[in-house]
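Here is a short report for a reader meeting this structure for the first time. Take a look at the sequence and the model, then read on.

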Amino acid sequence: MNSVKKWYQPSGVFAYSKLANGELDIAMIGSAPLTLACLKKVNITVLAVDHSAAMSQKLITYTNRCRSIHGLANRVIATPAGSTAHYSLLHMIQEAGLKAGDTPSADTVGVKLLGPTEALAEFKQKKVDGVYLWGAKMAEAAKVPKTQMVANTQMSKMWGKDTFIAWAVRNEFL
């Protein structure tokens, strides 16, 4: 008899790697990591689109460091690599007329790629100016004193770059 395992999913990249190696049969995954999985030819099928990611991911910053997407220049934002939040952040930076890079400058936003837990920890320690996260980690970041939501993925949707969350399953499981 097969057993059911329930895992906390730190990111879609984590989920697709577990789907790819057979450790997970079904997972909720964002559109950006789903695209990566398809590009890497992971043998999965999308069962259903669960919801738009529009309000489920947010950019949270310290109020004294950044008040709008145009104020992201010369700041460092942490987000998980390959996540739908990462995709939305990069698009937001582009819409603000800025560049993304490793080192922040007058026309560049420093993008630090960390897991959700690590990104939140660096934000709480004020090692980064903001985080682009989802779920419980996003909610926890929003509770940090003197912070604000600067943007959410709804903005990407308005710019024609909507993202979604879907259920994906290993083909062998079907």
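## A strand pair to start with

Alanine 27 stands opposite alanine 168, which sits in strand 9. These two residues belong to a wider pairing. Strand 1 (residues 26–30) and strand 9 run antiparallel to each other, joined over five bridges. Strand 9 covers residues 164–170, and five of its seven residues are buried, so the rest of the structure largely encloses it. One note before going further: this is a predicted model.

In what order do the strands of the open sheet lie? The order is 5-6-4-7-3-8. The sheet has six strands, and the pairing is mixed. Its edges are strand 5 (99–101) and strand 8 (147–152), each of which pairs on one side only. Neighbouring strands of this sheet are turned against each other by 30° on average, direction ignored.

Strand 5 pairs with strand 6 (residues 108–113) in the parallel sense, over three bridges. There, lysine 99 faces threonine 108 of strand 6.

Strand 8 pairs with strand 3 in the antiparallel sense, over five bridges. Isoleucine 60 stands opposite methionine 149 of strand 8. Is strand 8 largely enclosed or largely open? Strand 8 is largely enclosed by the rest of the structure, because five of its six residues are buried.

The pairings described so far are set side by side here.

| Strands | Sense | Bridges |
|---|---|---|
| Strand 1 and strand 9 | antiparallel | five bridges |
| Strand 5 and strand 6 | parallel | three bridges |
| Strand 3 and strand 8 | antiparallel | five bridges |

## Helices on the sheet

Helix 4 (residues 116–124) packs on the sheet. It touches strand 3 (57–62), strand 4 (76–79), strand 6, strand 7 (130–134) and strand 8. The direction of helix 4 makes about 145° with that of strand 7.

Helix 5 (residues 135–142) lies across strand 3, strand 7 and strand 8. Helix 5 runs at about 140° to strand 7.

## A residue inside: glutamine 57

Glutamine 57 is part of strand 3. Is glutamine 57 buried or exposed? Its relative accessible area is 3%, so glutamine 57 counts as buried. Which residues does glutamine 57 touch, leaving out those up to four places away in sequence? They are Thr84, Ala85, Ser88, Tyr132, Leu133, Trp134, Met138, Asn152, Thr153 and Ile165.

## Helix 1 meets helix 2

Helix 1 (residues 12–20) and helix 2 (residues 31–39) have axes that come within 8 Å. The axes cross at roughly 35°, and the crossing is right-handed. Gly12, Val13 and Tyr16 of helix 1 meet Pro33, Leu36 and Ala37 of helix 2. By type, the residues of this contact split into five nonpolar, one polar and no charged.

Which residues of helix 2 are buried? They are Ser31, Ala32, Pro33, Leu34 and Ala37. Threonine 35 also lies in helix 2. With a relative accessible area of 44%, threonine 35 is partly exposed, because that value falls between the cut-offs of 20% and 50%. Threonine 45 is ten residues away from threonine 35 along the chain, and their C-alpha atoms are separated by 12 Å.

## Lysines with positive phi

Lysine 126 lies in the loop between helix 4 and strand 7. Lysine 126 has a positive phi of about 60°, although it is not a glycine.

Lysine 146 is in the loop between helix 5 and strand 8. Lysine 146 is not a glycine, yet its phi is positive, at about 60°. Its relative accessibility is 68%, so lysine 146 counts as exposed.

## Cysteines and disulfides

A disulfide is a covalent bond between the sulfur atoms of two cysteines. How many disulfides does a search of the whole structure find? The search finds zero. Cysteine 38 is partly exposed, at 49% relative accessibility. Cysteine 66 is buried, at 3% relative accessibility.

Technical notes: Residues numbered from 1 in each chain as written. Predicted model: local features only at pLDDT ≥ 70, side-chain atom pairs only at ≥ 80, totals over all residues. Heavy atoms only, no water. Disulfide = S-S within 2.5 Å. Buried < 20%, exposed > 50% of the residue type's maximum accessible area, 1.4 Å probe, protein only. Pairing = 2+ DSSP bridges. Helix = DSSP H or I, 4+ residues; strand = E, 2+ residues; numbered from the N terminus. Axes fitted to C-alpha atoms, helices over the stretch in contact; angles between N-to-C directions. Contact = heavy atoms within 4.5 Å. Left-handed = near helix turned anticlockwise from the far one by under 90°. Nonpolar A, V, L, I, M, F, W, Y, C, P; charged D, E, K, R; others polar.
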